[in-house]
Amino acid sequence: MAEITQVSSNRCFGGYQKVFSHDSKELGCKMNFAVYLPPQSDEGKVPVVYWLSGLTCTEQNFIQKAGAQRYAAEHGVIIVGPDTSPRGCNIPGEDDSWDFGTGAGFYVDATQEPWNKNYRMFSYVTKELPELVKKHFPVLPDCQSIMGHSMGGHGALICALKNPGKYRSVSAFAPICNPTKGAWGKKALGGYLGTSDSDVWNSWDATELVKKYSGPPLEILIDQGKEDQFLKDGQLLPENLVAACQASEMPVILHMREGYDHSYFYVSTFIGEHLQHHMHYLRS
């Protein structure tokens, strides 16, 4: 198993906000990931929540802007936040646009060349990274949840729905809920997976996955700002996910936040509520 190297460490609310790097087997490049270690982790094993960030982000956006460390310290939970894509792979076109390639891995396992060698963020997030975390940090076994924002909200939803029972709970801020129907999703799915088989696309779409979910009970928490420009232009489509959940009798909570947009100002306002939601399941 690959070893990790500490990049930075800062004292924060009695614990430590750290960043590590390692050579990823799944992605074929060096990757950074952030880990907040609450003070309780000095005494023994604690639960872990994975955070997945959105388009153009790195592991830095969440740890600098969301203000989650205060709540993680109160609850005694580790928060792990990976980067959003492989970097520096020298793939032709990887830096041509902001919504595909670098910073836009979309949390899928690519099947199309030249992306299929490196762009395997789903396997990285659900397999390789948790194994590293389990090896190097004091996490309770089988006691993990997942959440994310925008593209990362899409990632959190599909990670939970495609791995029944792996996560105790899932939540998302302004997620891309139905990527097969939005411009961002169509571009990413077409580029990474090809355009010939709609069933392949549907297998990476939370709205479609809900319709076939047959795992343990899972309550989906969605948070959405009403003034989000990407909600207004049809990129996010939370109403489609809610309708699919209702038709499939999947528990779902949708908070529509008056006056809030897509930014981390919005995320930081409600991150405490989301961690409280996850702790309800992580403590059960």
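Is Phe20 buried or exposed, at 7% relative accessibility? Phe20 counts as buried at that value (buried is under 20% relative accessible area, exposed over 50%, partly exposed in between, with a 1.4 Å probe and protein chains only). This is a predicted model, where local features need pLDDT of at least 70, side-chain atom pairs count only at pLDDT 80 or more, and totals for chains, interfaces and linings use all residues. Residues are numbered from 1 along each chain as its sequence is written, and side-chain values use heavy atoms, with hydrogens and water left out.

**View 1. Aromatic pairs, starting with Phe20 and Phe137.** Searching the whole structure turns up 17 aromatic pairs (Phe, Tyr and Trp rings, the six-membered one for Trp, with centres within 6.5 Å; planes under 30 degrees apart are stacked, over 60 edge-to-face, the rest tilted). Phe20 and Phe137 have ring centres 5.3 Å apart and planes at 65°, so they pair edge-to-face. Phe137 is buried too, at 9% relative accessibility.

**View 2. Trp98 meets Trp184.** Here the planes stand at 90° and the centres are 5.8 Å apart, so this pair is edge-to-face. Trp184 is buried at 6% relative accessibility, whereas Trp98, at 46%, is partly exposed.

**View 3. A cluster of rings.** Ring pairs join Trp51, Phe62, Phe173, Tyr260, Tyr264, Tyr266 and Phe270 into a cluster.

**View 4. Lysines over rings.** Lys18 lies over the face of Tyr16, 5.0 Å from the ring centre. Over at Phe122, the charged end of Lys162 sits over the ring, 5.6 Å from its centre (the cut-offs: NZ of Lys or CZ of Arg within 6 Å of the ring centre and within 35 degrees of the ring normal).
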